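Let us take a walk through this structure together, one piece at a time. Keep the picture open beside the text and look for each part as it comes up.

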Amino acid sequence: MLPRFEYIRAKNLDEAIRILSTEVNGVKVLAGGTDIFVEMKQGQSRPRLLVDIKSIPELSQLSIGTNGELILGAAVKLAELEYWAAGQKDWSGLSITARNIGSEQVRNRGTVVGNVCRASPAADMVPMLIAMDAQVEIVGSEEPKLLPVEDFLVGPGQTVLKTGELIKSLKIPKPPSNTGTAFLKLGKRRAMNVSIVSAAAKITINNANRVKSASVVLGAVAPTPIRILEAETILSNEGLTKQSLEKISNLASARARPLTDFRSTQDYRLKIVKILTRRVLKQAWKRATQTSGI
Amino acid sequence: MMEFSAIGKRTPRIDAVEQVTGRAQFLPDLKFPNMLYAAILRSTIAHGRILNIDTREAERVPGVKAIITSLDTPTACVGFYMGVANKECLVSDKVRFIGDDIAAVAAESQESAQEACSSIKVDLEPLPVVFDPEEALKPGAPLLHDDSPKNIAGEIHKEFGDVAEGFAASDKIFETSYRTNAVAHCCLETRGALAEVDAYGRLTIWSTTQIPHVLREMLSMVLDLPVGKIRVRKAHVGGGFGSRQSSDPIDLICAILALKSKRPVRLIKDRIEEFTTDRSRYPMTMTLKTGMKSNGRIMVCHADILTDAGAYHDQGLSITGYALNRIDHCYRIPCAKMDAKVVFTNKVYGGAFRGYGNPQITFAIESQMDEIAEELGIDPLELRIINACHEGDVAVGGARITSCGLTESLKRGASVAGWEDNRGRSNKRGIGMACFVHSGGGGAWAHGGNFSSIFIKVEYDGSVDLITGVPDVGQGSKTTLALIAAEVIGIPVADVRVHSGDTGIAPVSLGARGSRETFLGGNAVKLAAEDAKRQLQSRAASMLRVPVEELGSVQGKIFIKSQPAEFVTIAQAASKTMHEHASAFPMGVPVVASACYTDPVSEMADLTTGYGNPCPTYAFGTQVAEVEVDTDTGQVTVLRVVAAHDVGRAINPMAIEGQLEGSISQGIGFALTEQVIWEKGVVKNPKLTAYNLPTTMDVSKVTSILIETDDPEGPFGAKGIGEAGLIPTAGAIANAIYDAVGVRIRELPITADKILDALEEKTDNK
Amino acid sequence: MQKVQFEVNGDTVRLTAEPHWTLLDVLRNKLNLTGTKRGCEMGDCCACTIILDGRACNSCLVLAGELDGSSVLTIEGLSKDARLHPVQRAFVDHGAIQCGFCTPGMVMSTVALLNRNPNPSEDEVRLRLAGNICRCTGYTKIIEAVMAASKAIRGGDGITK
C-alpha cells in the first residue's frame with residue numbers, strides 16, 4: 001500500500017495555483033502518477049498533499065497553435081502523443097521518443113510534462129524536446145512565462161519552478177520543411193529501461209541538401225541534458241561526413257560527464273555517447289532527405 | 001513405435017481455464033477471517049552484534065497483537081539441511097547481512113505491523129564486514145560464524161580414477177577460470193506464508209512452497225510438534241524455480257506468531273523485500289584444468305570451485321557438490337578430481353535456482369570445450385561427439401547412463417541450426433553450441449530415500465481424482481500426472497482432477513525439485529493407475545463375460561479388443577454394485593488405489609568417497625545459439641536458440657516446449673543481463689526494471705527438438721525437463737559470441753561493456 | 001476520504017475511499033475481485049493491468065480517488081457469461097500459461113491492444129506487451145496466442161468488449 005496522504009482534485013487552473021501557493025509544505029502536483037507513486041513506494045518521497053490536475057480541461061488538450069506549434073497540455077499522456085504524432089511528418093520524432101518510455105501501461109497514464117518536470121538526468125522526452133526548441137509555459141501568481149526546456153531544468157530532480165507555480169503546457173515550434181528528427185536510447189535490455197545514454201537530433205536541410213540547422217542533445221550523461229551547440233556550424237560547413245561526425249561525437253564525449261553507477265560505468269557511457277551521437281545524426285539526416293523527397 | 005491415446009498429445013493445462021479467468025486462487029487471494037498481518041524488522045547493517053532489543057514502544061502501537069524476537073523462537077535453523085543450515089529464523093546473536101531477520105510483529109493491519117516494526121529499538125554493535133569470498137578466506141578476515149574458521153562453510157575433495165596419470169598421459173593441458181554471479185528468481189508472485197492454529201493446537205501453514213512435505217518435517221522438528229499436528233497447504237503458486245525448495249524464515253515466523261496470537265497470521269514479501277532477502281543463485285568461480293589428447297579425447301578434468309555462500313549456509317555445499325558431480329558424465333572422462341570451498345560473506349545467503357549448480361559449471365565446461373577445440377584445431381561439434389557419453393556408460397564417479405540422447409541432440413541440433421553454413425562468417429553473426437547432462441528424478445538421497453506416493457479414486461461417473469503431494473508451482477505437473485493416469489486407466493484427460501500439495505490428505509512426495517516430478521510422481525501415478533485399471537477391467541471382464549486379457553481401455557470405455565463394439569463404460573464398471581438390486585441410491589463398490597514408487601535404480605552415494613549413482617536417469621541435450629553482436633555498443637541480440645533435448649518421452653510436447661522456452665529466456669538473462677548487484681552489502685537494483693530480466697523484446701526465437709530415448713525406468717520412458725532448458729544456454733551464447741566477433745568472455749553476465757572492452761583489447765593486441 | 005462512483009465490469013460501484021488507496025487495493029480488498037494480481041506495486045511488472053476507460057493501465061498506479069466517472073474492465077469482466085473471450089481461449093489452447101500469475105494482466109493487455117489495433121504485427125505485439133513480465137513462459141507461446149486470438153477475432157469470433 002502507498003503511505004497516507006491527502007488528495008485534492010483541482011477543477012480549474014486558478015484553484016490549482018491557489019492550492020500550490022497556500023499549501024506550502026509537502027505538496028506535489030499529481031498528473032499521471034507513474035513517477036510519484038513509485039517514489040512514494042520506495043520511500044524516496046512523502047508528500048503530504050497531492051493536487052490532481054487531470055480535471056483541468058485545458059491541461060488535457062493536445063492542439064496545434066496559430067503558428068503551427070504543437071501545444072501539449074500538462075496532463076497530455078505519453079500514449080496520446082505517441083499515437084497522435086505517429087504518422088505526422090513534423091512530429092514523428094516525438095512519437096518515437098514517447099514510445100521508448102516505460103510500458104504501454106505507463107504511457108497510458110504518464111504525461112509528457114511529467115517526464116520533463118521530474119527532471120531525471122535520464123528523462124527520455126527531454127533531449128528531443130530540447131532539440132526541437134520546445135518551451136514550457138509556466139503559470140502561477142505572476143504572468144505566464146515561456147522558458148526553453150533546457151533552461152527549465154537546472155539539476156537532477158530540480159527545475160526553476162517556484163512555490164505556487166506549475167507547468168500549463170509544452171510548446172514545440174513547427175519544424176521547418178525538410179527537417180528530420182531522431183531519438184535513440186541505450187539500456188541494459190530492450191524495453192522498460194532507464195537510459196544509460198540517450199541522444200536526440202534534429203537536422204534541417206535546404207534544397208541543395210546542405211545542412212541549414214542542426215541540433216544534437218544527449219541525455220543521461222550529465223545532471224541535465226547537454227546540447228552540442230557546435231554541431232550546427234560543423235554540419236553546415238562540412239556536411240554530414242565521417243570526419244564531421246567524428247568531430248561532433250568527440251565533442252559530445254568531451255562534454256559528457258557521466259557517472260559510474262550500478263547500471264553502467266563512466267567509461268562505457270562515454271564510448272556510447274560517441275556511437276549514439278553519430279547514429280542519431282545520421283538517422284535525422286536520412287529522415288530530412290526523405291521528407292524533402294530529394 | 002507405441003501409439004498412445006493421451007501421452008504425446010499437445011494438451012492444454014488442466015487448470016488453464018481457472019488461471020485465464022482470474023479464478024485461480026493464489027495465497028494473497030485467500031480470505032481468512034480474523035487474519036493478522038506480519039512484518040519483519042530487518043537489519044540495516046551487514047554485520048553486527050545484537051546488544052539489546054526493546055519492543056515496549058512497539059507493543060503500544062494500536063492493533064499490535066504479538067511481537068517476537070529470538071527469545072520466542074527456537075534456536076534450530078531454517079532451511080533444507082539439518083545441522084548444516086545455520087540461519088535462525090530470528091537471529092539471536094549477530095546480524096550477518098543487510099536484511100537479516102531480527103524481530104517480527106503481527107497486527108491488525110499491514111500499516112500497524114510496519115509502524116510497530118519501526119518502533120522496535122535495536123542496539124547493534126557494528127562489526128567489520130567482508131563481501132568477497134577470496135577476502136573472507138584471508139587470515140584476519142572478519143569471522144561470520146565462530147564455528148567456521150576462515151569463513152569456510154564447507155569443503156569438497158574427491159578424486160576418481162588416477163588423476164596424476166591422466167595429466168601425465170595428456171598431450172595438452174588447459175587451465176582456465178570462469179565466473180558467474182548472483183541472479184534472482186523473480187517469481188511473479190512474491191514469497192508468502194499464512195499460519196493458523198485450530199482448536200486442537202494443530203497448525204496449518206499455507207505457503208508458496210515447492211516442498212510441502214519437507215516443509216512439514218522442518219516445522220515439526222523446529223517447533224517440536226508431531227507431524228500429525230502440522231498441515232502444509234498451497235494455493236496456486238506463481239513460480240518457484242528453486243527459490244521455494246527450501247523453507248524460509250517467514251514460514252516459521254508466521255507459525256510462531258499464529259501460535260502466540262491464536263489468530264491466522266499472514267506475511268507476503270513485497271518486491272523490494274523479495275529482492276533483498278530472498279536467496280539467489282550461488283556465485284561461483286570455477287577453475288577447470290583439463291588434460292587432452294591431440295586427437296580430441298579428454299583424459300582428465302580437475303574442477304575447483306569457490307562458492308560465495310553469503311551469510312549463512314544451507315544448500316551451498318550441496319549445490320557446489322552437484323555442480324562438481326556433473327563433470328564426468330556428459331563426456332567420457334577416465335579420471336576426475338573435484339575440489340571446492342564454500343565461503344561465508346556478509347550478503348544474503350544463496351539458494352537453489354533451476355539447475356542447482358549445473359548452469360554455472362556447464363557455462364565453464366562448455367566455454368572451455370570450445371577453447372580446447374580451437375587450440376586443437378577440431379570443430380567444436382566434432383570434439384563433443386568424440387567425447388560424448390552413450391547409453392550403458394558408467395562414469396568414473398559412478399553415474400550409470402541407462403538412456404542417452406546426447407549424440408543425437410548434438411547432430412540434430414547442429415543440423416537444424418545450420419552448423420556447417422553458419423559458423424565462421426565475418427558479419428558479426430555467429431553460432432555456438434553447448435551441451436549438458438542433468439539428473440532426472442534426483443535430489444532425494446539427502447532425505448534418506450527416493451520415492452513418491454499417491455492416492456487415486458475412481459468416481460461413479462468414470463472420472464478420477466489424483467491426490468498427490470507433488471506440488472504444481474506453475475510447471476504443469478498436475479497435467480503431466482493427469483495425462484499418465486488418463487493413458488493408463490483409459491479415460492479422457494479432462495476427466496482427471498488433481499489435488500496437489502496438501503500434506504493433510506496427500507501421501508508423501510519430496511517436492512518440486514531435482515526435475516523429479518515426472519519421473520517419480522509419474523511412476524507413482526502409473527503404478528496406482530494400473531491398479532485402478534486392473535480393478536475396473538476385472539469388473540468389466542465379468543460384465544462382458546470375457547477374460548481380462550481380451551480387454552482394452554481407452555477414452556472412457558473398456559472394450560473387447562477383437563470386438564470393439566462390445567464394451568462397458570468405465571463409469572459403469574466403477575458404479576458396479578455388489579448386488580444388482582438397490583432400492584435406495586445405488587452405491588457401487590469404490591475403486592480406490594494407492595502406490596508408493598521407490599526408485600530401484602539410484603542409490604545413496606558412498607559417504608566417504610562420493611562414488612555412486614544418486615539419480616535414476618540423466619537428461620542430455622544440446623543448444624545452439626545464433627547471435628548478432630553490435631561491435632560499436634557491445635550489445636548482443638540472440639536471434640535464435642535451437643534446443644535439442646533428450647526427454648525420454650514427451651508426455652506433453654506443448655508443456656515441454658513451454659518449459660524449454662521459459663528456461664531459455666532465463667538462460668538468456670543469466671548469460672547477458674541479469675545480476676544482483678551488491679555494493680557494500682546493499683542490493684543496488686532491487687527492482688524488476690533495474691534487475692533487467694528479459695521482456696518480450698529481449699527473447700529469441702526458439703526451435704525445440706524433442707528427442708525420445710525411452711528411458712527404461714521412466715514412466716512411459718519419460719525423464720524430466722523442469723531444469724534442463726536453462727543449463728546450456730549461457731555456454732551456447734558465449735560460444736556464439738566468440739564465433740561472431742572473436743572475443744571470449746569468461747564471466748557472466750556478458751554485458752555490453754565487457755564485450756566492448758574485450759574487442760578493444762583484441763584490437764590493441766593485433 | 002472521498003466519495004467516488006465508477007463502473008467495474010459493467011456494474012456501478014459507489015465507494016468512500018481513503019486517498020492512498022489504489023485501484024488495485026479497491027479491486028482486491030473492497031470488491032473481492034482478486035483476479036488482478038499484485039506483482040510489484042511499482043509499475044514494473046504489469047501483473048495488475050486492467051482496462052481503464054479503454055486503455056491498459058497498471059491498477060497499482062491509479063488512485064481510487066481518480067476513478068470518479070470512469071469505467072474499469074478486469075479479467076473477471078471478460079467472460080461474464082461463462083464463455084471464454086477469444087484471447088482467453090487462445091491463451092489456453094496455445095500453452096501460453098504456466099504459473100498463471102502474470103496471466104490476467106497479460107490477457108487484459110492483449111485485449112486492450114486488439115481493441116486498439118485488431119491486426120498487429122508480431123513486432124507490435126512485442127512492443128505493446130513489453131511491460132508485462134513473464135518469468136515462466138519466455139513469451140513465445142504468449143505471442144503465438146495473441147496472434148491467434150487476433151486472427152480469431154477478425155474472423156468473427158464473437159466477443160463482448
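This is a predicted model: local features need pLDDT of at least 70, side-chain atom pairs count only at pLDDT 80 or more; totals for chains, interfaces and linings use all residues.

Four strands of chain B form an open sheet in the order E18-E26-E27-E30, and the pairing is mixed. Strand E18 (429-440) and strand E30 (701-707) of chain B stand at the edges with a single partner strand each, so one side of each has no neighbour in the sheet. From one strand to the next, the twist averages 15°. A helix lies across this sheet: H12 of chain B, residues 406-417, lies across E18, E26, E27 and E30. Its direction is at about 20° to that of E26(B).

How is chain B divided into domains? Domain 1 is made of 32-127, 188-239 and 244-277, domain 2 of 284-444 and 604-765, and domain 3 of 451-598. The centres of domain 1 and domain 2 of chain B, taken over C-alpha atoms, are separated by 36 Å. Where these two domains touch, domain 1 of chain B gives 21 residues and domain 2 of chain B gives 19 residues. On the domain 1 side, the largest share comes from helix H8 (residues 271-277) of chain B, with five residues. That side divides into nine nonpolar, eight polar and four charged residues.

Is helix H9 of chain B largely enclosed or largely open? Nine of the 10 residues of H9(B), which spans 316-325, are buried, so this helix is largely enclosed by the rest of the structure. Among the buried residues are Leu317(B), Ile319(B), Tyr322(B) and Leu324(B). The cover over the buried residues of H9(B) includes strands E9 (152-160), E15 (284-292), E16 (298-310) and E17 (335-344), together with helix H10 (358-376), of chain B.

Three strands of chain A form an open sheet in the order E1-E3-E2, with parallel pairing. Strand E1 (6-9) and strand E2 (27-30) of chain A are at the edges and have a single partner strand each, so one side of each is left without a neighbour in the sheet. Neighbouring strands here are turned by 25° against each other on average, direction ignored. E2(A) pairs with strand E3 (residues 49-52) of chain A over four bridges, and the bridge partner of Leu30(A) in E3(A) is Asp52(A).

Finally, see how the chains meet. In chain C, 38 residues are in contact with 43 residues of chain B. The largest share of the chain C side, four residues, comes from H2(C). By class, that side has 18 nonpolar, 12 polar and eight charged residues. Chain C also touches chain A, a contact that takes 23 residues from chain A and 23 residues from chain C. On the chain A side, E1, helix H2 (36-41) and helix H5 (104-107) of chain A each give two or more residues.

Note on methods:
Residues are numbered from 1 along each chain as its sequence is written. Chains are lettered from A and ligands numbered from 1 in the order in which they are written. Two strands pair if DSSP finds at least two bridges between them. Axes are lines fitted to C-alpha atoms, for helices over the stretch in contact, and angles run from 0 to 180 degrees between N-to-C directions. Two residues are in contact if their C-beta atoms, placed from the backbone, lie within 7 Å. Ala, Val, Leu, Ile, Met, Phe, Trp, Tyr, Cys and Pro count as nonpolar, Asp, Glu, Lys and Arg as charged, and the others, Gly among them, as polar. Domain bounds come from an automatic or database domain assignment. A residue is buried if 20 or more other C-beta atoms lie within 10 Å of its own, exposed if 12 or fewer, and partly exposed in between; C-beta atoms are placed from the backbone.
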